[in-house]
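Subject: Two-chain model for you

Hello,

Here is the model I promised to pass on. Please have a look at it first, and then read my notes below.

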Amino acid sequence: MAAYMSAGRSANAFSTHDFVPEWAQEEVSTGTTIMAVEFDGGVVIGADSRTTTGAYIANRVTDKLTPIHDHIFCCRSGSAADTQAVADAVTYQLGFHSIELDEPPLVQTAANLFQQMCYRYREELMAGIIVAGWDKRRGGQVYTVPMGGMIVRQPVSVGGSGSSYIYGFMDSNYKPGMTKEECLHFCTQALALAMERDGSSGGVARLAAITEEGLERRVVLGHQLPKFSNT
Amino acid sequence: MVGVEDLVHFRYYVSSKTINKLIQVHDRIFCCIAGSLADAQAVTKAAKFQISFHSIQMESPPLVKAAASVLKELCYNNKEELQAGFITAGWDRKKGPQVYTVALGGMLLSQPFTIGGSGSTYIYGYADAKYKPDMSKEECLQFATNALALAMGRDNVSGGVAHLVVITEEGVEHIVIPGDKLPKFHDE
């Protein structure tokens, strides 16, 4: 590449700002809204579908619900690269562990694998993950592994930049003992509210229900999302 | 021109034992402060004087919009030094009940309802979902109380006692709800 000099520039001829647009220099982030809810017999998980590099939407149809094993999923928020890398690593580790055990892995095991990696590399990583799934021992479970590497099991959990806006909604609308359909409805509403307020969340709402039978995925397109009178 | 909207708009603040975040700037106009308390108190003190003077000159109670404008001028002209946001609400003869928000840089916006302060981020979703136009006074009070309780439950710098003020043509009614009497949600 020819050296780039022009009047008025400093001796530092190699300024990345000139060769690449600003959005390409930003980190790719799943600034996001993710959530997971336990119900009797399984879990419902949900996420928006926006991936941003600065103000540019790199992917408007992202799938942030990543399978880790047959009945275990994770919802990713934070740096897209970091979360993909960690999820790949955990998928490998869990698959190996499951073969050793000769039985399906526990959700708690998957969650702890995430936690170990997120805690060990906490300075390098920017990853907030919710692990959710079903296993035979404890049924539907949701574990949240926020940035920093803590782990805690919760009946309902929200994460990502959009989550701040729906804590109030979550606290007031969640009731223990909801059915699968009620959970799906609750998630759809919460995601819609967050996507409306958070600039880093948007697109479509992706949902999944995980039970003993298996997996059921749904997509709620933008125009089908619930609308609220004030927005 | 009797208001088709509710005759009622609500004002509320959360105060600790030593901090008062609700300032009465005129008979039917209240101002809620957020941000740097020192800045906010200084601004509202100046605004109270200006509004009072304006009211005397005009020989009639000030418009809510005028009061909000006074705050806005102060915020905008001193935006470099100040760090305070306000919600101005009240009742006047011309337009009835109104709510105005004056944001950090001095933007003035009229809204049917609004939320502000550090705890407000947690209740945007709740407020969007639960608010409907043309609520009655009781519904408004319930809405505000619930929203406050939810925000106080999540925001570590909000708490203590919830104050609500109901402003109508007839007058001003002050309601105080101690923290332990606020509605509880499953988490607590």
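Let me start with chain A: of its 231 residues, 50% count as buried (buried means under 20% relative accessible area, exposed over 50%, and partly exposed in between, with a 1.4 Å probe and protein chains only). Before going on, please note that this is a predicted model, in which local features need pLDDT of at least 70, side-chain atom pairs count only at pLDDT 80 or more, and totals for chains, interfaces and linings use all residues. Residues are numbered from 1 along each chain as its sequence is written, chains are lettered from A and ligands numbered from 1 in the order in which they are written, and side-chain values use heavy atoms, with hydrogens and water left out.

The two chains

Chain A has 6 helices and 13 strands (DSSP runs numbered from the N terminus, helices being H or I with at least four residues and strands E with at least two). Among the contacts in chain A with a separation of 6 or more, 60% are between residues 24 or more positions apart (contact means heavy atoms within 4.5 Å).

In chain B, 46% of the 188 residues count as buried. Chain B has 4 helices and 8 strands, and from the N terminus on they run β-β-β-α-α-β-β-β-α-α-β-β. Chain B exposes about 9700 Å², 55% of it from carbon and sulfur atoms.

Where they meet

At the interface, 17 residues of chain A are in contact with 19 residues of chain B. The buried area between them is about 1600 Å², and carbon and sulfur atoms give 60% of that (accessible area, 1.4 Å probe, that two parts lose on being put together, summed over both). There are 2 salt bridges between chain A and chain B (a side-chain nitrogen of Lys or Arg within 4 Å of a carboxyl oxygen of Asp or Glu). One of them pairs Arg197(A) with Asp128(B), with 2.9 Å between the closest N and O atoms. On the chain A side, helix 5 (167–173) and helix 6 (180–197) are the elements that give two or more residues. Helix 5 of chain A gives the most, with 7 residues. That side of chain A divides into 8 nonpolar, 7 polar and 2 charged residues (Ala, Val, Leu, Ile, Met, Phe, Trp, Tyr, Cys and Pro count as nonpolar, Asp, Glu, Lys and Arg as charged, and the others, Gly among them, as polar).

Salt bridges within the chains

Over all chains, the structure holds 12 salt bridges. Arg153(A) and Glu38(A) form one of them, at 3.0 Å from N to O. Arg153(A) is in strand 10 (residues 152–153) and Glu38(A) in strand 2 (residues 34–39) of chain A, so this pair ties together parts 115 residues apart in sequence. Glu38(A) counts as buried at 15% relative accessibility, while Arg153(A) is partly exposed at 38%.

Arg218(A) forms a salt bridge with Glu216(A), the closest N and O atoms being 3.0 Å apart. Arg218(A) is partly exposed, with a relative accessible area of 31%, and Glu216(A) is partly exposed at 28%.

Best wishes

Key:
Accessible areas come from the Shrake-Rupley method with a 1.4 Å probe; for residues, only the protein chains shown count as cover.
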